[in-house]
Amino acid sequence: MSKIEINNVYKIFGKNPKSVLPMVKDGLTKEEILDKTDHTVGLDNVSLKIEDGETFVCMGLSGSGKSTLIRHLNRLIDPTDGDILIEGTNVMSLSAEGLIDFRRHKMSMVFQRFGLFPHKTVIQNVGYGLEMQGKSEEERNKISMEKIEAVGLTGFEKQYPNQLSGGMQQRVGLARALATDTDIMLMDEAFSALDPLIRSDMQKQLLDLQAELKKTIVFITHDLDESLRLGDHIGILNAGKLVQVGTPVDIVMNPADEYVEAFVKDVNRAKVIKAKVIMTPANESNGIDKSNVIKVNEDQFIEEFLPQIVCTNSNCEVIDKEGNIKGYISNKELQSSLLKS
Amino acid sequence: MDFFNKIPVMDRTALRELKKGIDLSFKDFSRAYGDGIEGFFDPLLYFLIWLEKLLVNSPWPLVIGVFALLAWIGSRSIKLVIGTIVCFLIIGYFGMWKNCMATVAIISVSTLVCIVVGIPIGVIMSKSDRTEKAILPVLDMMQTIPSFVYLIPIIMLLGIGKVPGLLAVCIYALPPVVRLTNLGIREVDKETLEASIAFGATPMQKLRSVQIPLSLPTIFAGINQTIMMALAMVVIASMIGVKGLGVPILQAISNQYLALGMMNGLAIVALAIIFDRVTQQYGQRIQKHRGQKK
C-alpha cells in the first residue's frame with residue numbers, strides 16, 4: 001500500500017464545478033473550458049502514488065496546479081471529483097472531527113510565505129501544532145525547544161517572527177512542522193521566497209533531517225534544480241495535468257513531452273546523473289581500455305569525477321560500496337550522457 | 001397627458017388607513033410586550049445607574065486618579081495623562097462635573113453593549129459573503145436613518161428614560177465595531193489561516209488563536225469609532241431623558257445661552273479627544289509585533 005494515493009482527481013474552480021466536470025472529462029482544454037463556462041480547471045485527472053519515506057517533488061510553473069494539488073492532501077481544498085487515500089484511508093470520507101484529528105496527527109505543512117503567527121513568539125509558533133494536539137504547555141515547550149535546536153535557532157525562541165530574517169522564519173516554519181512528529185510533511189514552495197544562498201542551505205538542512213527522520217515529504221517547487229536535488233521522484237504538472245512522473249534521472253534523460261524537455265533543457269546533467277546510470281556493465285566492457293583507470297563509486301555524480309578524468313585523460317572503473325567492479329565509463333559514455341538531446 | 005404630469009398616488013383614505021393600521025398594531029404590540037421588553041433591559045439600567053452613582057459619589061481626586069491610570073495603561077504617554085487630568089479639572093471647575101460623569105457612564109455602558117453585541121455579529125458576518133450581504137444594508141440603515149425616526153418606536157415601546165436613550169445611542173454607535181470586526185477578520189493573511197487549519201485547529205480555535213488576535217488592531221479602530229459616535233449622540237439622547245452634558249446644551253439651545261452651550265460642547269469635545277487618543281494609542285501598541293520590522 002502506498003503512503004499517499006491520488007486517484008483521478010479533478011478540481012474545477014467556479015460557480016458550478018460539477019456541471020463543468022463532464023466537459024473536462026471529455027478532454028476539453030483549460031482554455032476552452034474557461035472560454036465556454038468561465039470555470040478554471042485546477043487539476044485535470046491527476047493520479048499518483050507516493051511511497052513511505054520518500055521525498056516526492058511536484059514541479060510546475062505558476063498556475064500549473066501544484067499548490068492546489070498539495071492542498072488536496074490535507075483537504076484545505078476539496079476535490080471536485082476523485083479519491084485521495086492516505087495510508088489507505090479515504091480522506092474524503094472523514095467527518096469534520098475525523099478530519100481535524102487527521103490534520104493534527106498525520107500531516108504537517110510548511111508554507112511559501114511561512115504562514116507564521118505574527119502575534120506568537122518563536123516557541124509558541126513551533127508549539128502550535130502540539131497545542132492543537134492537546135499537549136500540556138510544559139511538554140509543548142520541551143518538544144519545541146528540541147526542534148528549535150534541530151533547525152539551529154537556539155536563543156531566538158522568545159523573539160517574534162518579524163524580528164527574524166526570511167531564512168530564520170522558514171526555519172521556524174520547518175520546526176513547527178517537525179514538532180508534531182507526523183509521518184507526512186507537506187512543503188508548499190517552502191524555499192521559494194528565500195534568496196539563493198539561504199535556499200541552498202535550507203535544502204541541505206532538509207536533506208540532513210530527512211536522512212535521519214525518513215518522513216514522507218511532498219515538496220512543491222517551480223525550480224528544477226531544487227527538485228532534482230531533493231526528490232526521490234518528481235512529478236511534473238502542466239495546466240493541471242500530470243505530464244510525467246519519474247526519478248530525477250528519468251526526467252532529465254527521457255523527458256515525456258516538449259514541456260518537460262523545455263524544463264530540463266538547461267539543466268546541468270553532470271549534477272544529476274550518477275556513474276551507475278551511464279556505465280557500461282563490466283561484462284560488456286571489452287572495448288574499453290582498462291590500463292589507465294580511476295576508481296569511482298557507483299553513486300557518485302558525474303560532476304564529482306569529471307575534472308579528474310579530464311586532467312588524467314583516463315577512463316573510470318565503477319565500483320560499489322564493497323569495492324566490486326560494476327562497470328566502466330569511457331569518453332564515449334560521458335559524451336552521450338552529457339550531450340543534450 | 002395627465003399621467004405624465006401627476007405621479008400615481010395611493011388613494012388618500014387607503015393611505016391613511018395603512019398608516020393608522022401600522023400605528024395601531026405597533027401600539028398593540030407595545031402594550032402587550034412593552035413591560036416584558038423593559039424588564040429585559042432592567043439589568044442594563046441597574047448597571048448604568050450604579051456606574052453613574054459610583055462616578056458621582058466617589059471623591060473627585062479618586063475618580064480623576066482612576067481616569068489618569070486608565071489613560072496611562074492605554075497609551076503609556078505622560079503627555080496624555082497630564083492632558084486628561086487637566087481636562088477633568090477644568091470641567092469640574094466650570095461646574096460640569098456631575099453631568100460629565102453621567103455622560104461618561106452612559107458612553108461606557110453603551111460602548112460595552114456595542115462591543116458585546118457587535119463583535120459576535122462582525123464574526124458571523126466574516127464567515128460568509130451571504131451573511132455579509134444580508135447584514136450590510138441593515139448597518140447602512142442604522143447609520144443613515146435620522147435618529148429621531150427610530151426614537152419614535154423606542155419611546156412608544158419603552159417611554160422616556162435612560163434605557164431608551166441607551167438604545168438610541170447603541171443603534172447609532174453599533175455599526176463601526178461590526179464593520180471593522182468583519183473587515184479585520186477578513187483581512188487576516190490567508191496563509192496564516194491555512195497554517196492554523198492545516199495543524200488541525202477547530203473553527204473556534206482558529207477564531208480565538210489566530211483570527212481575533214490578528215484583527216484586534218482593526219477591531220480597536222472600530223471600538224474607537226463607536227465611542228466617537230456614541231459621544232455624538234449625547235445631545236439627542238438627552239432629549240429623551242438621559243442625564244449628562246447634553247441636558248444643558250438643550251437648555252442653551254432653547255434659551256440662547258451661548259456660554260452654557262459652548263462650555264458643555266467643549267466638555268464633550270474634551271472627552272472625545274481623551275477617549276480617542278487613548279484607544280488609538282492602545283490599538284497601535286497591540287500591533288507592536290505585526291507589520292513593520294524592527
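B:Gly283 touches B:Pro217, B:Phe220, B:Ala221 and B:Asn224, leaving aside residues up to four places away in sequence; contact here asks for C-beta atoms, placed from the backbone, within 7 Å. This is a predicted model, where local features need pLDDT of at least 70, side-chain atom pairs count only at pLDDT 80 or more, and totals for chains, interfaces and linings use all residues. Residues are numbered from 1 along each chain as its sequence is written, while chains are lettered from A and ligands numbered from 1 in written order.

B:Gly283 sits in helix α13 (residues 258–285) of chain B. Helices (H or I, at least four residues) are DSSP runs numbered from the N terminus. B:Gly283 counts as partly exposed because it has 19 C-beta neighbours inside 10 Å (buried takes 20 or more, exposed 12 or fewer, partly exposed is in between).

Next, a pair of helices in chain B. Helices α5 and α6 of chain B pack at about 130 degrees, with axes 5 Å apart. Axes are lines fitted to C-alpha atoms over the stretch in contact, and angles run from 0 to 180 degrees between N-to-C directions.

|---|---|
| α5(B) | B:Ile121, B:Ile124, B:Met125, B:Lys127 |
| α6(B) | B:Thr131, B:Glu132, B:Ile135 |

And where do the chains meet? 18 residues of chain B are in contact with 20 residues of chain A. On the chain B side, α9(B) gives the most, with six residues.

How values were computed: Helices (H or I, at least four residues) and strands (E, at least two) are DSSP runs, numbered from the N terminus. Two residues are in contact if their C-beta atoms, placed from the backbone, lie within 7 Å.
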